[in-house]
Amino acid sequence: MASKTFLIALVVVSMVVAPAMATEHLVGDDEGWKLKFDYNKWAESKEFHVGDKLIFKYKEGVHNVYKADLTAFQNCAPGANVEPLTSGNDVIELKTPGKKWYFCGIKTHCDQGMKVAVNVLPEVGSPSTAPSSPPGSSASSGISPPKFVAVMVAAFAMFLITTA
């Protein structure tokens, strides 16, 4: 009975804790999505993972956001049948790893540097993001911090359930 309860608690806690580990990145930080800002420098100072969100904040009607491929990004020209995001509070979930490109399509804003490229890494805690240890090292068990937290919370929940 106790092991079944522990497994249930572990599953529930993992489902709650894992999504909470995603990060919301306000593009441009406090400056938002605007002209005369170095978005390359901003992106280089961040780490993006699958499940994270990019939030583009700007005055509606003044700017927009196009999702782009590399060619569209380099040419500051949206691809065919690509509609811009225009709400002024655009949220983009990063669903797959790899390079992602975004730019403003208003007038010459993109040519003036209003564009950002981000490199999306696999989800935090996935096997491909776990640090590797050289053979023979005395590294820890390799459990990622989010999983460790989930296990600890599940163990505590198990303790509470079994002592109630």
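Residues with a relative accessible area under 20% are taken as buried, those over 50% as exposed, and those in between as partly exposed. In the predicted model, Asp-29 has a relative accessibility of 33% and is therefore partly exposed. The residue lies in the loop between strand 1 (24-26) and helix 2 (39-44). Its backbone is marked by a positive phi of about 50°, although Asp-29 is not a glycine. Most residues other than glycine have a negative phi. The loop between strand 1 and helix 2 also holds Lys-36, a non-glycine residue whose phi is positive as well, near 60°. With a relative accessibility of 81%, Lys-36 lies above the 50% limit and so counts as exposed.

Aromatic contacts were examined next. Six aromatic pairs are counted in the model. One of them is formed by Phe-56 and Tyr-102, whose ring centres are 5.7 Å apart; the planes meet at 55°, so the pair is classed as tilted, an angle between the 30 degrees below which planes count as stacked and the 60 degrees above which they count as edge-to-face. Phe-56 has a relative accessible area of 0% and is buried. Tyr-102, at 5% relative accessibility, is likewise buried. Both residues belong to one aromatic cluster, which also takes in Trp-33, Phe-37 and Tyr-39. A further ring contact involves a charged group: the charged end of Lys-115 sits over the ring of Phe-73, at 4.8 Å from the ring centre.

The search of the whole structure for disulfides returned one. This bond joins Cys-76 to Cys-110, with an S to S distance of 2.0 Å. The angle about the S-S bond is -70°, and the link between Cys-76 and Cys-110 is left-handed. Cys-76 and Cys-110 are both buried. Cys-104, by contrast, takes part in no disulfide. The nearest cysteine sulfur to that of Cys-104 belongs to Cys-110 and is 8.0 Å away, whereas a disulfide requires sulfur atoms within 2.5 Å. Cys-104 is itself buried, with a relative accessible area of 1%.

Key. Residues numbered from 1 in each chain as written. Predicted model: local features only at pLDDT ≥ 70, side-chain atom pairs only at ≥ 80, totals over all residues. Heavy atoms only, no water. Phe/Tyr/Trp six-rings, centres within 6.5 Å; stacked < 30°, edge-to-face > 60°. Buried < 20%, exposed > 50% of the residue type's maximum accessible area, 1.4 Å probe, protein only. Lys NZ or Arg CZ within 6 Å of the ring centre and 35° of its normal. Helix = DSSP H or I, 4+ residues; strand = E, 2+ residues; numbered from the N terminus.
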